[in-house]
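Dear colleague,

Please find below the structure that I am handing over to you, together with its sequence. My notes on it come directly after.

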Amino acid sequence: MKILEIDVDFDFADAGDMKRFEETYPITMGELTKIQERNQNEKEKMANSEQIREFCNVISNFFDKVFGEGVSNKVFKGKANYMVCLRAFKSVVAEKEKQDAEMDEIAAYVEKYSPDRVKRS
């Protein structure tokens, strides 16, 4: 799988890879939601630079937990750039949606020609 031109050894159809994603994704989304909620509260509002750094740290941790330690440094090159982090995270979610659709298509095909269905026809 490619993330911003960086190859990572990951496949959503692999049980081990999917387990890491399933364990990490909800935590990451929860942390991102907390950042957003905190910044909507005037008393807790952070400077934009702090918001960017915190957002990028959450995304970097996600990448290291899901794809392996050090992957975030390869993808983000040690920088905390909001748009780069957002694009990288979006590309992972888009790839998951793409692979899910492909798996659904294959499952539908297999179901179409399953022994039970053939008997019913």
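The notes below take up the helices, the salt bridges, a surface patch, backbone angles and some distances.

The model is a predicted one, in which local features need pLDDT of at least 70 and side-chain atom pairs count only at pLDDT 80 or more, while totals for chains, interfaces and linings use all residues. Residues are numbered from 1 along each chain as its sequence is written, and side-chain values use heavy atoms, with hydrogens and water left out.

Helix packing

Helices (H or I, at least four residues) and strands (E, at least two) are taken as DSSP runs and numbered from the N terminus. The axes of helix α1 (residues 15-40) and helix α4 come within 13 Å of each other and cross at roughly 135°. Such axes are lines fitted to C-alpha atoms, for helices over the stretch in contact, and the angles run from 0 to 180 degrees between N-to-C directions. The two helices, α1 and α4, are therefore oblique to each other; angles under 35 degrees count as roughly parallel, over 145 as roughly antiparallel, 65 to 115 as roughly perpendicular and the rest as oblique. The crossing of α1 past α4 is left-handed, a term used if the near helix is turned anticlockwise from the far one by less than a right angle, with right-handed used if clockwise.

Salt bridges

How many salt bridges does a search of the whole structure find? The search returns 6, a salt bridge being a side-chain nitrogen of Lys or Arg within 4 Å of a carboxyl oxygen of Asp or Glu. Side chains of opposite charge can pair when their charged atoms come close. For the surroundings of each partner, buried means under 20% relative accessible area, exposed over 50%, and partly exposed in between (1.4 Å probe, protein chains only).

One of the salt bridges joins Arg38 and Glu54, with the closest N and O atoms 2.4 Å apart. This pair links distant parts of the chain, since Arg38 sits in helix α1 and Glu54 in helix α2 (residues 48-67), 16 residues apart. Arg38 is partly exposed, at a relative accessible area of 24%, and Glu54 is also partly exposed, at 25%.

Another salt bridge is formed by the side chains of Asp100 and Lys96, at 2.7 Å from N to O. Asp100 and Lys96 are separated by about one helical turn, because they are 4 residues apart in helix α4. Asp100 is partly exposed, with a relative accessible area of 26%, whereas Lys96 counts as buried at 19%.

The side chains of Asp7 and Lys2 also meet in a salt bridge, at 3.5 Å from N to O. Here Asp7 is exposed at 59% relative accessibility, while Lys2 is partly exposed at 49%.

Nonpolar surface patch

Ile52, Tyr82, Met83 and Leu86 make a nonpolar surface patch of about 310 Å². Patches are made of residues with over 30% relative accessible area and no salt bridge, like charges being joined within 9 Å and nonpolar side chains (Val, Leu, Ile, Met, Phe, Trp, Tyr) within 5 Å. The areas come from the Shrake-Rupley method with a 1.4 Å probe, and for residues only the protein chains shown count as cover. Helix α4 (residues 82-112) supplies the largest share of this patch, 3 residues. Tyr82, which is found in helix α4, is partly exposed at 36% relative accessibility.

Backbone angles

Most residues other than glycine have a negative phi, and most peptide bonds are trans. Glu5 has a positive phi of about 70° although it is not a glycine. Glu5 lies in the loop between β1 (2-3) and β2 (6-7) and is exposed, at 65% relative accessibility. Lys77, likewise not a glycine, has a positive phi near 55°. Lys77 belongs to the loop between α3 and α4 and is exposed, with a relative accessible area of 62%.

Distances between residues

Which residue is 38 residues from Thr24 along the chain, with the two C-alpha atoms separated by 6.5 Å? That residue is Phe62. Thr24 lies in helix α1 and is buried, at 9% relative accessibility. By C-alpha atoms, Arg38 and Ile106 are separated by 43 Å, and they stand 68 residues apart along the chain. Phe76 and Lys96 are 20 residues apart in sequence and 20 Å apart in space, C-alpha to C-alpha. Phe76 is placed in helix α3 (residues 71-76) and counts as buried at 5% relative accessibility.

With kind regards
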